[in-house]
Amino acid sequence: MKTKTLLALFCLIGCTALAADRPNVVVILSDDFGYGSVGCYGADGKLIQTPNLDRLAREGRRFTDANTTSSVCSPTRYSVLTGRYCWRTSAKHGVLGTFSPLHIETTRLNMASLLKEKGYSTAAIGKWHLGYGKADESPVWRTDYEAELSPGPLDIGFDYHFGVPANHGDLTGIYVENRFVYGLRNGKIPEGMKISGPDRDNPNFKATYTQEDTESGKSTILELDAPRRINERVMPYLTEKSADWIKAQKKGTPFFLYYTPVAVHNPVTPDKDTAGTSKAGPYGDWIHELDKSVGGILAALDESGQTENTLIIFTSDNGGVFKPERDMPQTDAYKAGLKVNGILRGGKHTVWEGGFKVPFIARWPGKIPAGSVCNEMVSLADLLATTAAIVGEKLPAAGEAAEDSYNILPALLGQEAKPARTDMIVHSSDGVFAIRQGPWKWIEGIPAQGTKKKKSEEFEPRLINVKEDPSETKDVSTENPEVVKKLSKLLVQYRNGGYSRELPPFIEKVLPKVAVLPKAEGEVVIEESLVSLPEKPWTTSQGAWKAEDSAVWGVQKGAKGSGANLRVPVSLTDGVLDYQIQFQGGRHSLRIEAGDNKESFRIEVSTTQAGITKNPSGTEPLLPLARKTVELESAVWYPVRVTFKGDEVTVQVNETVFSGKHALLGKEKKVLNFLVFGDRAGFKNVRLVK
């Protein structure tokens, strides 16, 4: 009996010591929460009060130069979990959609998979916005919320997931629990499976969800037989779910909670208990709702005796919304005196500091010095490498995982050490890159391909000394040409090198892969080099066409949707069409007229996507037949090959091949229309054989 007691005691001591070496980790990633929106960062206490966040700062460490990787949500969320800049993926600008597939590869190292491997219980509760499912070849594929949502959070290392699929006020109006819509009553549910859901009288749900509940007030609501969220109850409910999960964790087993509140994203929907509590209006109330939620997490840690062994980090996915020209709650708060992003310029979406610099507060009792401040520059991408250091896990090579993540544990602990990172890349919603080093910030000023380019100061290269000029009022590139040269070169090196955790070899330009297609055999129908504007039977219309640099170039003019058209009549059923295309801001559609009833289909090609679509005719609607993602660069000639065979068309755009079938595709092709929409696109070496 005594032996068993001693063994049990040794086991308990061993487990306790192990747990002490492995703290619980709670990351609270708020939504659109600006640098100047919390008391400990200077918010006016007469307008808003944030006692729980201020408590974290008193008991922990406040960072003054913490930065997101993007000025919008999905890319930053990807970086937080993976330690990798999201622009290294197919997402070059903007955010993921409500129906996007899971964006994190199931084989990629991330915070959840790392900590789960180390024996942690893991949960993702709150806003997800990183996609569900795996896309197939269907042109109309999208996440099916009536079916199993896999792969998803449970496939990348989380044990439990309860979340809002995309945004607060998204068009779904539902929650997801683990792999299914929470409370789904009808759908593609495996036989014998019971989907958990709320009780009928649960005050957090309602039967219907309308356009008025969405952020835009105009979205078409997703049809689903499932309980719907009540916007005002989302924050209290997510807080309750997170607190309950914390309290349910077994003593001696460390846990990782990735908690992502929907506040303070629009729509602004404070609950009745917080509505009217701020002199900054509803937006101030919404900030109070977020702070109250943080208080709920702190209380759960206190009540369960987990506070002393928990590292908790509070931050935001990007800066606050700042559009004072628009009538919105943030504008009312600004007019009341609340500086949403402090003295920083801009906000969410922009390349300015207001889009990236965010509150970052860390508490770990006995480890992180209480009431301290750190001025070191850090990135939210650093959380993975830091977590690995905490649990004693060596990261793979920089080119394999955590490509852009630095270990900032010494900065967290207040230890005297050389700063982990000397430079950092940030990326706007429009895809504009900027790089920080010391006081300098170099903005490249070039938006990503596929963005709707508008006149903006963000699209102009500039150098800013953010230490002397935190409001980014002055371009000092002329006075500091050597700094511009150094930072622009470093940006290229990191971007083309594939990682920035270490300095990669310098690759000035990654040459695009351009496919070389064998010459198609057959009877030549058209062979036109297009070194000059072609003569009849070719015709041009609806735009400006000119010959230049041994090619013919089209630019759309006039009404939106009316592309510049280079047209030629043909007559064939089966055959092969080859041509080369170069994009300089435009996009291309090859509209092919076929049959006898003014029917047509089109081959669509842009720098990011290609597809085949049957155009509407009579009572028949538009019908997508195939769709593929492509990555093409501007100012590069790429081959396009269209093969007609029976009722199937196969398209090759550079190295990407896809096919579509329809009865119309097998009919006689009578006219080829080379259409250009937007800015320039060029064509040369058109060859058609049958």
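Which residue stands opposite I603 in β24? The residue is L590. This is a predicted model, in which local features need pLDDT of at least 70 and side-chain atom pairs count only at pLDDT 80 or more, while totals for chains, interfaces and linings use all residues. Residues are numbered from 1 along each chain as its sequence is written, and side-chain values use heavy atoms, with hydrogens and water left out.

Strand β23 (residues 575–594) runs antiparallel to β24, and seven bridges join them. Strands here are DSSP runs of E with at least two residues, helices are runs of H or I with at least four, and both are numbered from the N terminus; two strands pair if DSSP finds at least two bridges between them. Four residues separate β23 from β24 in a hairpin, and G595 in that turn has a positive phi of about 75 degrees. β24 also pairs in the antiparallel sense with strand β25 (residues 609–614), over five bridges. E604 stands opposite G611 in β25, and the hairpin of β24 and β25 has three residues between the strands. Six of the seven residues of β24 (residues 599–605) are buried, so this strand is largely enclosed by the rest of the structure. Buried means under 20% relative accessible area, exposed over 50%, and partly exposed in between, with a 1.4 Å probe and protein chains only.

Next come the aromatic contacts. The structure holds 25 aromatic pairs. Rings of Phe, Tyr and Trp (its six-membered ring) pair if their centres lie within 6.5 Å; planes under 30 degrees apart count as stacked, over 60 as edge-to-face and the rest as tilted. Y85 and W87 are a stacked pair, because their ring centres are 5.3 Å apart and their planes are at 20 degrees. Both Y85 and W87 are buried. F99 and Y145 are edge-to-face, because their centres are 5.9 Å apart and their planes at 70 degrees. F99 lies in the loop between α3 (73–82) and α4 (111–117), and Y145 in the loop between β3 (121–127) and β4 (160–164), so the pair ties together parts that are 46 residues apart in sequence. F99 is buried at a relative accessible area of 18%, and Y145 is buried at 3%. Elsewhere, ring pairs link F162, Y175, Y182, F205 and Y237 into a cluster.
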